[in-house]
Amino acid sequence: MATYLEFIQQNEERDGVRFSWNVWPSSRLEATRMVVPLACLLTPLKERPDLPPVQYEPVLCSRPTCKAVLNPLCQVDYRAKLWACNFCFQRNQFPPAYAGISEVNQPAELMPQFSTIDYIVQRGPQTPLIFLYVVDTCLEEEDLQALKESLQMSLSLLPPDALVGLITFGRMVQVHELSCEGISKSYVFRGTKDLTAKQIQDMLGLTKPAVPVQQGRPLQPQEQPVISSRFLQPIHKIDMNLTDLLGELQRDPWPVTQGKRPLRSTGVALSIAVGLLEGTFPNTGARIMLFTGGPPTQGPGMVVGDELKTPIRSWHDIEKDNARFMKKATKHYETLANRTAANGHCIDIYACALDQTGLLEMKCCTNLTGGHMVMGDSFNTSLFKQTFQRVFSKDFNGEFRMAFGASLDVKTSRELKIGGAIGPCISLNAKGPYVSENELGIGGTCQWKICSLDPNTTLAIYFEVVNQHNAPIPQGGRGAVQFITQYQHSSMQKRIRVTTIARNWADAQNQLQHIEAAFDQEAAAVLMARLGVYRAETEEGPDVLRWLDRQLIRLCQKFGQYNKDDPNSFRLSDSFSLYPQFMFHLRRSPFLQVFNNSPDESSYYRHHFARQDLTQSLIMIQPILYSYSFYGPPEPVLLDSSSILADRILLMDSFFQIVIYLGETIAQWRKAGYQDMPEYENFKHLLQAPLDDAQEILQTRFPMPRYINTEHGSSQARFLLSKVNPSQTHNNLYAWGQESGSPILTDDVSLQVFMDHLKKLAVSSAA
Amino acid sequence: MSVNQQAHTGPPYGQPQPAYQRYQQPGYGGQQMPGVPHSQYGVYNGPMPGYQQPAPPQGPLRTPPTSGAPPPTSGALLPVGQPAYNQFGQGDVQNGIPASAVQMPSVSQPFIPGSTPTSISQLSSFQQYGPSPTGAQQLTNHMAGMTIGSVPTSAAPPAGVGYGPSTSVPPASGSFTATGSGLYTPYSSSQGPRPASMTHGLPPTSLSQGVPLAQPAFSGPPLSMQRLPSQGAPRPSTMQSPPLSGQALAGLPASQPNHLASPPPPQQAMSGPHPGPPMTGLQGPPPPSTHPSQPGYQIQQNGSFGQVRGPQPNYGGAYPGTSNYGSQPGPPPPPKRLDPDSIPSPIQVIEDDRNNRGSEPFVTGVRGQVPPLVTTNFLVKDQGNASPRYIRCTSYNIPCTSDMAKQSQVPLAAVIKPLAMLPTEETPPYLVDHGESGPIRCNRCKAYMCPFMQFIEGGRRFQCCFCSCVTEVPPHYFQHLDHTGKRVDFYDRPELSLGSYEFLATVDYCKNNKFPDPPAFIFMIDVSYNAVKSGLVRLICEELKSLLDYLPRGGNLEESAIRVGFVTYNKVLHFYNVKSSLAQPQMMVVSDVADMFVPLLDGFLVNVNESRAVITSLLDQIPEMFADTRETEMVFAPVIQAGLDALKAAECAGKLFIFHTSLPIAEAPGKLKNRDDKKLINTDKEKTLFQPQTNFYSNLAKDCVAQGCCVDLFLFPNQYLDVATLGVVTYQTGGSIYKYSYFQLETDQERFLNDLRRDVQKEVGFDAVMRVRTSTGIRATDFFGAFYMSNTTDVELAGLDCDKTITVEFKHDDKLSEDSGALLQCALLYTSSAGQRRLRIHNLSLNCCTQLADLYRNCETDTLINYLAKYAYRGVLNNPVKTVRDALINQCAQILACYRKNCASPSSAGQLILPECMKLLPVYLNCVLKSDVLQPGPEVSTDDRAYIRQLVTSMDVAETNVFFYPRLLPLTKVDVDNDALPAAIRNSEERLSKGDMYLLENGLNIFVWVGVNVQQGLIQNLFGVSSFSQISNTMSTLPILENPFSKKVRSIMDMLQAQRSRYMKLIIVKQEDKFEMLFKHFLVEDKSMSGGASYVDFLCHMHKEIRQLLS
């Protein structure tokens, strides 16, 4: 088993791919009986410091419907200079450049260690990256100030030749012209009126005017670039201007009467931003970065009216179909998101407010374009500041961790077909021989567009085994999948990353143990979770839970060892042992439970869940809990109420929150000031240890988690208490009869109860 | 003087001919005066005929005329006449000079060709004349010809000759001749005396003769003026002279029936007339007498009225210089024209009034007192009635009943200028503050406390002078009465003792029950390619920098409370944030012109002093920013919308200053297309040229008015930009339009800047509502001016400045009593430029009469013309111009006919008798009829007409007076040591001498006309060049030269400029230069290029109309 773990890990490190099954059932029937679909988590741009890109174009299979890339799995005839495509078996001539090829002189792409390889291709003009700031001015003075500072700071982080633009909005929307001296110019739009892209471009003067040819004034050939650059200027040119401009930004001056929300035209502002880029720089890497401090309150895309007495929609309202603006607003933003995606741009949303800001309606903007979604309480928090800063973080090569306008192309062996993908992408609607009719996630295509991605962006891709049961695959047969990701690197280069992987086929009837052993329960949990969350977007919460439960039960029935109708006999092999627990926590997670979450929060959590890699996803499903004590080094402990002890410090990482929790005794000690006494220096160290560890996490995670430092009995402890398995509650506290742990006031079932039920159902012959 | 009566007896038509005869005869007879007054009356007849002709296209009409007396003959004549006509026309022209028939003909022929070739053509022309527009045109042609001719004529023949031609000749001639001839013959016949003439007439040959005659004839017509008071009596003798003319006529014969009058006397007339006669003429014009026979001519002066003319010698009568006539008569050819000098002269009337009434202050204590003329300088002492500077009425004696009013046809109207500026010697209205309780008002009609309110019951109540309702005096206002029933505090309270005063309004008088904020000025500058290229943008920006220091302060404030804002625009709008805290201005572009809005709140409207640095920086940058613009498509309506929205957002009233260059063709609301089409002129569709293209602007105007947003428009067109449509908002919001066609920095800068300065600095009331209350019995029914009305009583003005005038017409709805008279109270509620809400009240008491004579004795012609012009100018919106003109003529004819019938002593129908107060009515009316709006020449653009139309609608009486009858000053006659202006002269080319320079002003332009023979020294002194040929046409100001003459002329100009609300454009015209045509257009007593009748001809025509009415 260890070998499989190693294999999985190795594969992940090399290719950024984790499959739910690492040995594939060889027929459609068997595959469906496996319950967990054959699927993988793909991190297309997984950082590979050890992988130097090659500077030439990939060699493609010449069959028009295939066009797979030459890879280590291909059969090569060195003498004939031929290679056979391992997907379609087309025999292809090597291009002339490969004339010198031989067994000892192989190109990189044929070497097994290059199952993942980067190509740098020189195609098309290089266009600079574009950053378009869309800034809400209906903020509190303090917030606005903080935001302005962050924006100014960000200018220094941008690539020097990047183009930047600025749109501000409140009651009106202003598009600022950045190149003017002496007077600052901006184009102003009404915040209540939706405009078509054409209108926007007309109004901004971006359409080529029918230039009246005037005598003695030859047409200036450079007119076009000149025009478009009025609003988008290279940062190095207008650095000072823009800094000043940002500095002079004022709060929206229109009066807000008592009992009203400020009028905020987010919908139109975004629409203009999209239209601006659409007209000037289609199909180049661009980020529209929306900074908003409240819900859109007017115009298209408004989420709530300006009357404060009408609160913004809650899950309750939505269930009761009482959210007046939701559908219309969602439609508006979806249209925008689709346009943006079609142009290869992406939208980031940085929403900082204590109340909801309409992320529910706007989520598609980020979800479909691969943009970031950040939610915070205020722009004046380190959460926002550091998160924003991290957008511009650089990798080991000193390059920005962002890529644009990617398209992902998936090729499969003929025994496999593609069911769909779940992640920050949209379908390119490329039908092909590999496309299954049964859609899982965004399906019906073998190509997806990912407008923006970073090294962590991870897609779940679902496959379907189509091999018929009566056409067995010979022993040792391997199925292969090739992922081709073309993207614009932050250095403006166009790159192609090709990952080709292969797995063995196995007959589930007689080789089930192989398949079972090759089960990747972590990947499976995440893949199933993604499916569940994906369904939750459109289905009722309880239905999704029921579906998840059924899948879990079926899995246990399939792979558990038990005697019928004897729950106590139920056992799961190691490779499955954690899976039910993941499912338990998933059921309780904010991704599927909306209770106690606002619609915005749900959207936010789901957004991140759908794009983070496996490790992060698992943390989201089942937070990690570390315990610090005098009794030894910090140790991971069960995410269970029994872990909450008086003399421990706990550190919980749930991805969105980092909670440091001081047990009752520790808290008293600290209150008594022991940490300041030299003789208790060890106590001081104990207090410091979790802080240091938390810092480490905070340093790297994007978005920066909410950092909560709390102690026993404090209200903030709820963040911890809501996550742990309620093994002890007010109901069973005394039944357990011991003092360890901390009871949770909840009616939720505990893992124990859950497992008991599961076992019962799994072994039930009635099922 | 006042009244001239003419008795028009017979039908004008026929009469004309008779007129001729009469003319001569009466003229002669009556005239005797000749020397003096001349009965220019004679003239009358002449004109009349001319006109008549029009009516009846020659053929028919004429016949009719003839019908009058000599139909038969006339009939016969007619045919002949026509030919004659042609000749005439031509002849006239030429005649002017030579007089000799022979020459004439030849000349004439050429002319004819021009206008209409042969005699036949003439005929046609004839018809046109009278009756239909076409006629008019032809006439015009003739006229033109004539005039030209006239010039020469003047030269040749003694003054007389010259006159003849110039004046009447042309137009009238055309028609006249035709009829005339016909008439003539008859006349002659009738007259008996002139057999000779007759002969002339008869023979076709006469034509040639006729020609000459014709001219005279023309002059003749003027004579008809006879009224020339002076003559009062009888110009019989003169009349006689006419007869001579008659002969001449005979020559004309053919031509003239109409002419009749005019033709005859020319020379004589000339001579005769010159002399004072005209003055005298006033009295009794006309020649009623013979009408039938000698129709037109007889002029009677008032005094003379009926009498004189009566005499057969119509002609003679007509011509003042009867004597001359007499003498001349003999001389057939020469003629008979009305002597221009014998017909009422505006100059004389003005001078007389100035002399008689200029010295004493006008004290307003007396009810129904007619104030001095607007041309007279006088001081006003308010003793209970509003100063004539605020209100002038067409009549100060109102008929008691509506029947009487209808009978007289004299419109009852008041021309009100509520915020008029007073000379420094007069006290501005006192401000009365009644505190929180507000002004005292009648409970029923809501009239404000005024000197006419009657306190009763020991002062505890007062009875309303308008509706008679009794109202309690509020305790705080109570005061005891003295033994005369006057309140003891009478003299302490302006509202009890003065005609004009102001109340401080309480919050009840404010919109939304909230005291208004100070108003705002928004400057909206066109930054299109044209505007930038011409330097306009830079000019405006430079000027604004300093001009902003001179915003109106509304009283004694230390600095103006008015806030300012700036917008530039082309296809999109640029707003500027000039908040004082900014380091540099911010520009905000709004491209969504389809749905205009104001993109900023704070910082758009600012206090000048606080934001001075930012504003200066902005104004410095605007020209730079757009220096390279190539935008030529413009929007317009969104600009107004933007200004309106800005004011709405700021919750204040204000004024937009829009500087605009071209037709707004960019895609936006209010987009216009070029629909200029000169072919529509003189068709039924002509009115569309005055109507807005779309009603979009009317709706916009409505919104503007609701907000108190006044729009001033400065236009700089290089081509058609549809003033009729663009001006709608300006017009309805009480704004002003300024138009600088083909703007050029060098020549127009001065004028534009002066206008701009004046416009920005002048006091304005905002968000105003005016209501005129009247005594029971009459009611304000119609309003003219630049404003908006949402109901039938309240005049709403987004802005009302000190130059804007509203004309109000009254109609009877009941009887008035002579005892109580009729009272007017004009109340204007407005927001001052300091943001104070005020009520300005003007009260005026008028007499009532049961005798028509009283009405006619207390009329004011200048005011009447003001009303008539406005009425007509509004009429063209809905009616063909011709209909409007005819209606005008008809109304005046009725007015005068009513007088003749009811007030004048019986006299021959051939005499034209004019009321003393209205003796200038014909000449002024003719000017109105000839104005660009009602009778455009080919060179007048559609935009200019629309512009003038709107301009006139807001003019006060003084402005219309000089606009329609420009002031012509002989510069070479100035006395450099004296402050006084040289005496004005009449607007006729024959009054100009080659050796002199003249200045002509009409409120819009100043012309300096330089004769070819002007002394070089004077040229050097004035223009700084050594010879006539070096004088530049393009100079827009006179060079500043250090010599007395230059100084004096410049000081005159400065003085004139100061009198007018707009800076007048200076145009230097050299005699015989191409620009001279332009200048001649303003010589309104002459026939105009566009077909307008000469004074003399018109007078004849008028006479004919009157006689027709009387018969």
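This briefing describes a sheet in chain A and the interface between chain A and chain B. The model is predicted. In chain A, an open sheet of 4 strands is found, with antiparallel pairing, while 25 residues of chain A are in contact with 27 residues of chain B. A strand of chain A, β11(A), is also joined by bridges to a strand of chain B, β16(B).

**The open sheet of chain A**

- The 4 strands of this open sheet follow the order β1-β3-β20-β17 (chain A), and their pairing is antiparallel.
- At the edges stand β1 (17-19) and β17 (416-422) of chain A, and because each has a single partner strand, one side of each is left without a neighbour in the sheet.
- From one strand to the next, the twist of the sheet averages 25°.

**The extent of the interface**

- Between chain A and chain B an area of about 2,300 Å² is buried, and carbon and sulfur atoms give 52% of this area.
- Of the area that chain A buries against chain B, 25% is supplied by Ile183(A), Val188(A) and Arg190(A), which is more than any other three residues supply.

**Polar and charged contacts across the interface**

- Between chain A and chain B the count is 3 salt bridges, and in a salt bridge between the two chains the side chain of Lys193(A) meets that of Asp595(B), at 3.8 Å from N to O.
- Across the interface of chain A and chain B, 10 residue pairs are found in polar contact, with both residues of each pair at pLDDT 80 or more.

**The side of chain A that touches chain B**

- Both β10 (172-177) and β11 (184-190) of chain A supply at least two residues each to the side of chain A that touches chain B.
- It is β11(A) that gives the largest share of this side, namely 7 residues.
- Sorted by class, the side of chain A that touches chain B has 14 nonpolar, 5 polar and 6 charged residues.

**Strand pairing between the chains**

- In general, strands of a sheet pair through backbone hydrogen bonds, and the pairing is either parallel or antiparallel.
- Here β11(A) is joined by 5 bridges to strand β16 of chain B (residues 586-590), and these two strands run parallel.

Technical notes:
Residues numbered from 1 in each chain as written. Chains lettered and ligands numbered in written order. Predicted model: local features only at pLDDT ≥ 70, side-chain atom pairs only at ≥ 80, totals over all residues. Heavy atoms only, no water. Pairing = 2+ DSSP bridges. Axes fitted to C-alpha atoms, helices over the stretch in contact; angles between N-to-C directions. Contact = heavy atoms within 4.5 Å. Buried area = accessible area lost by both parts, 1.4 Å probe. Salt bridge = Lys/Arg side-chain N within 4 Å of Asp/Glu carboxyl O. Polar contact = N/O pair within 3.5 Å; in protein donor to acceptor, adjacent residues only side chain to side chain. Nonpolar A, V, L, I, M, F, W, Y, C, P; charged D, E, K, R; others polar.
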